[in-house]
Amino acid sequence: MADRPARDPGDDRVGDPESILAKSAHENFPVALRLLPRATRRHLMAIYGFARLVDDIGDEAAGDRLAQLDAVDAEIDKIYRGEAPVHPLLAELAGTVRAFGIPERPLRRLVQANRQDQAVRRYADLDALVGYCELSANPVGHLVLYVFESATPERMELSDRICTGLQLVEHWQDVAEDFARDRIYLPGEDLAAFGVSERDLAAPSAGAPLRKLMEFEVSRAGGMLSAGAPLVATLHGWARLAVAGFVAGGRAALAAIAAAEYDVLSCSPKPTRRRLARELSSVLLRKG
């Protein structure tokens, strides 16, 4: 990685801190983050910056992506040896790791998820996809709980349900974008059950079978978010607000997909700020 990963022609520099952090404004959970104290927000953004960095390397970097992911791992080694990482996003993360005694396993799993993306482009069933989410999404929830000093086994289990649900939400928003990268996260068994072929995913808009499939997948992801939502009631203060914001962001995104009549090919459905705020209020009043 040297100082930063290589540039992908036609894109912003992969690994550029400003470009990466600017993407947070387009995520599903900006409402709650804006309300948090500056110090807390900075630590959460350090986690976001790291997760976004490894995702961008896995999705966009030119050249040898595995070598660049190895370089990220080497930067993580520096953090846990007490040395200063070279990349500014890893340097920022180092402060968060040390402030909260965060173990390295969640960080390593996020890197491993992007290694898996280089080799695995289809998932046969839900179990295989959930296994991927255990690498690509669930560690983020653990990192957030560490920042709020609320990391217990019981909370992490509920967090895993939320994070797996959020990862599925993101996949369902980005079906067309992922397919353009030759990746399909819709489980193969579900495609077959609803009579959807890969050719259908290349269409400019979703046909009836795909819309039915997406309605099913949206309901499934919503169920996962609901299964994890009791986590909110176990938290207090800013931690409660932040986690409620994540749940609300996922639910608002699912509502956006439904509002688009489950057509995830002609656009990538995004929630409105009003819907995000409404869902946040609902989650907080519901106490999970």
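Hi everyone, and thanks for coming. Please keep in mind throughout that this is a predicted model.

Let's start with how some of the helices sit against each other. Two packed helices are described by the angle between their axes and the distance between those axes. With that in hand, look at α13, residues 208-228, and α14, residues 237-259. Their axes lie 10 Å apart, and the packing angle is about 165 degrees. An angle over 145 degrees counts as roughly antiparallel, so α13 and α14 are roughly antiparallel to each other. As for handedness, α13 passes α14 in a left-handed crossing.

α13 has another partner, and that is α9, residues 153-173. Here the axes are 7 Å apart, with a packing angle of about 155 degrees. That makes α9 roughly antiparallel to α13. The crossing of α9 and α13 is left-handed.

Now move on to α14 and α15. Their axes come within 8 Å and cross at roughly 125 degrees. What do we call that arrangement? α14 and α15 are oblique to each other, and their crossing is right-handed.

Let's stay with α15 for a moment. This helix covers residues 273-285, so 13 residues in total. From its first C-alpha to its last it reaches 18 Å, close to the 18 Å expected at 1.5 Å a residue.

Which residues of α15 are buried? They are Leu 276, Glu 279, Leu 280 and Val 283. These four cover an arc of only 105 degrees around the axis, which puts them on the same side of α15.

Tyr 262 has a positive phi, about 65 degrees, although it is not a glycine. Is Tyr 262 buried or exposed? Its relative accessible area is 18%. The cut-off for buried is under 20%, so Tyr 262 counts as buried.

Glu 149 has a positive phi as well, near 50 degrees, and again this is a residue other than glycine. You will find Glu 149 in the loop between α8, residues 138-147, and α9. At 68% relative accessibility, Glu 149 counts as exposed.

On to the cysteines, which I expect some of you were waiting for. How many disulfides does a search of the whole structure find? The number is 0. Take Cys 133 as an example: the nearest cysteine sulfur belongs to Cys 163 and is 9.7 Å away. A disulfide here needs two cysteine sulfurs within 2.5 Å, so Cys 133 is in no disulfide. Cys 133 is also buried, with a relative accessible area of 0%. Cys 267, on the other hand, counts as partly exposed, at 36% relative accessibility.

Asp 56 lies in helix α3, residues 38-60, and is buried, with a relative accessible area of 2%.

Next come Val 120 and Tyr 185. Here the sequence separation is 65 residues, and the C-alpha atoms are 9.9 Å apart. Val 120 is found in the loop between α6, residues 105-119, and α7, residues 126-136. At 28% relative accessibility, Val 120 counts as partly exposed.

And then we have Val 196 and Lys 212, 16 residues apart along the chain, with 9.7 Å between their C-alpha atoms. Val 196 sits in the loop between α11, residues 188-193, and α12, residues 198-201. Val 196 is buried, with a relative accessible area of 7%.

Note on methods. Residues are numbered from 1 along each chain as its sequence is written. This is a predicted model: local features need pLDDT of at least 70, side-chain atom pairs count only at pLDDT 80 or more; totals for chains, interfaces and linings use all residues. Side-chain values use heavy atoms; hydrogens and water are left out. Helices (H or I, at least four residues) and strands (E, at least two) are DSSP runs, numbered from the N terminus. The expected span of a helix is 1.5 Å times one less than its number of residues. Buried means under 20% relative accessible area, exposed over 50%, partly exposed in between (1.4 Å probe, protein chains only). The arc is that of the directions from the helix axis to the C-beta atoms. Axes are lines fitted to C-alpha atoms, for helices over the stretch in contact, and angles run from 0 to 180 degrees between N-to-C directions. Angles under 35 degrees count as roughly parallel, over 145 as roughly antiparallel, 65 to 115 as roughly perpendicular and the rest as oblique. A crossing is left-handed if the near helix is turned anticlockwise from the far one by less than a right angle, and right-handed if clockwise.
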